[in-house]
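Colleague: Before I use this model, I would like to go through it with you. Please keep to what can be computed from the atoms.

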Amino acid sequence: MSDTMTASTASREGSFLSTGRGRITLALLCAVTFLDVVDGSIVNVALPTIRTHLGFSVQNLQWVVSGYLITYGGFLLLGGRAGDQLGRRRLLIAGTALFAASSLACGLADSQGLLVGGRLAQGFGAAMMSPAALSILTTTFQGSDRHKALGVWAGISGLAAAVGVFFGGLLTQDFGWRWVFFVNLPLCALVLLGAFQMLKSDHGRSMPGGFDAVGAVLVTAGMLLLIFTLVKAPDEGWGAGRTIGGLAASAVLMAAFVFNEQRRAHPLVPMSIFRIKGLAAADVTQVIAWAGFYSMFFFVTLYMQNVLGYSQLRTGISYLPVTVGIGFGSTVATKMFVRTGTRPIIVSGALLAAGGILWLSRIPADGTYLGNLLAPLVLMAAGLGLLYAGVQTAANAGVPEDQAGLAAALITASFQLGSALGLAVFSGIATSRTSDLLAAHTPPSEALTAGFQRALLVGALCLVAAGAIALRASNTRGEPAATPEIQQNPQPSYGPA
């Protein structure tokens, strides 16, 4: 097939994904999720060096990570819906441009305030580009192409978390911490070039009742406050007035948002989207699962560096086998969707990952990589690949084209919320256990390890809970929605404007 064939011809004669243009389009969209996910893990490894060079206190250093999470999670729903209404390519280009500019600002920052400000802007850019890319993917590829594309998207997302740790150690050790931000620039340039060349210009859909400004303010404020409160909870304390007040205020804002949406004829977030088969359960499953996954990477990294004494580069290299496990899991999931549906894939992935993290919860203070880390990490990674590919497919199946951006934002928001929630809760669990043992004069390495063990044990239970939720969810094989709009215009949007 010619790479320049029309999408409709590709649809009639074969798979669009099998064409050169189809594969390049998928690679372009997957580069966005790689850029998004890798940014979190690559920066984490550089934090000790950033603290030394810019004079951060331990308490203020968290804002290098938290600033990104807060604006990313806070603006995701608005970014996803804006893509549906204003045009997905527009949002992808605008978000990537902002992400590139803020990455440059972070790399050049010579003060704490400039670096944190750059991270806040990065999160806002990611909140625009990530749901836009995923919604373009789900509306461009159809049928079996869609299953394969979502499987690749999920695999790349999982791989990025592990690859980021490796490159974070490599860049920080050999080139300096600023390069964990500068490395984003060439990839952003490729995404922008590809977006202009490969994606068709779209103008979104105008809303008959006008833009729901009230809903936008309420949901953004509610999400910002929720993520901010979760991030601060370990320092403030879960019983502190600020924590309880922040959670209560966030709940009030979200309740007001739901009330506003139900009253509007043309809401920002139609509540009917949650009646789509599989979407709500997939979102909840991902929140709980990523609470376990994200904290696992955090604690195992600390264990390697603070207990086993690994360098940043050695820590990064230690995660390379994880990429193989994730790739294996996502590949198997892609091949099995049509036969089994998403439910068995998600449940199997959750239980497999739970077993790997449970195994990790037995790490000793005098452990070794081959004896205590390699096998459980690979087992966990295979489960991650299965689960992540499953929830991505379940969350985007049956979604009308005009709500694809919103569905993409919801599943991405569940990833961010789960990450923030897991780190907040499990850090408290680990710190409490370690502090009690230190007070009893336990050697520091043993006290630290015991704290990590307890947090990892609870993380494994989270994965079991995620599997239980998925077990009760509807089973979907990732069929696209058969809406009149899609039936009349089945052509994917690609090609230069």
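Colleague: What pLDDT does the protein average?

Modeller: This is a predicted model, in which local features need pLDDT of at least 70, side-chain atom pairs count only at pLDDT 80 or more, and totals for chains, interfaces and linings use all residues. Residues are numbered from 1 along each chain as its sequence is written, and side-chain values use heavy atoms, with hydrogens and water left out. pLDDT is the predictor's confidence in each residue, from 0 to 100. Of the residues, 91% score at least 70, and the protein averages 82.

Colleague: Which element has the lowest mean pLDDT?

Modeller: Helices are DSSP runs of H or I with at least four residues, strands are runs of E with at least two, and both are numbered from the N terminus. Helix α4 (residues 88–108) has the highest mean, 94. At the other end, with a mean of 34, is helix α18 (residues 484–488).

Colleague: How many contacts beyond four places in sequence does the model have for residues 480–497?

Modeller: A contact means heavy atoms within 4.5 Å. Over residues 480–497 the pLDDT stays under 50. Beyond four places in sequence, the contacts of this stretch number 44.

Colleague: How far apart are the end C-alpha atoms of helix α15?

Modeller: The expected span of a helix is 1.5 Å times one less than its number of residues. Helix α15 (residues 369–396) has 28 residues, so it should span 40 Å. The model agrees with this, the end C-alpha atoms being apart by 38 Å.

Colleague: Which residue caps the N-terminal end of α15?

Modeller: A polar contact is a pair of N or O atoms within 3.5 Å; within protein, one must be able to donate a hydrogen and the other to accept it, and residues adjacent in sequence count only if both atoms are side-chain atoms. Here a side-chain oxygen lies 3.1 Å from the backbone nitrogen of Gly371. The capping residue is Thr368.

Colleague: Which residue forms a salt bridge with Asp39?

Modeller: A salt bridge needs a side-chain nitrogen of Lys or Arg within 4 Å of a carboxyl oxygen of Asp or Glu, and the count comes to one. Its closest N and O atoms are 2.5 Å apart, and the partner of Asp39 is Arg119.
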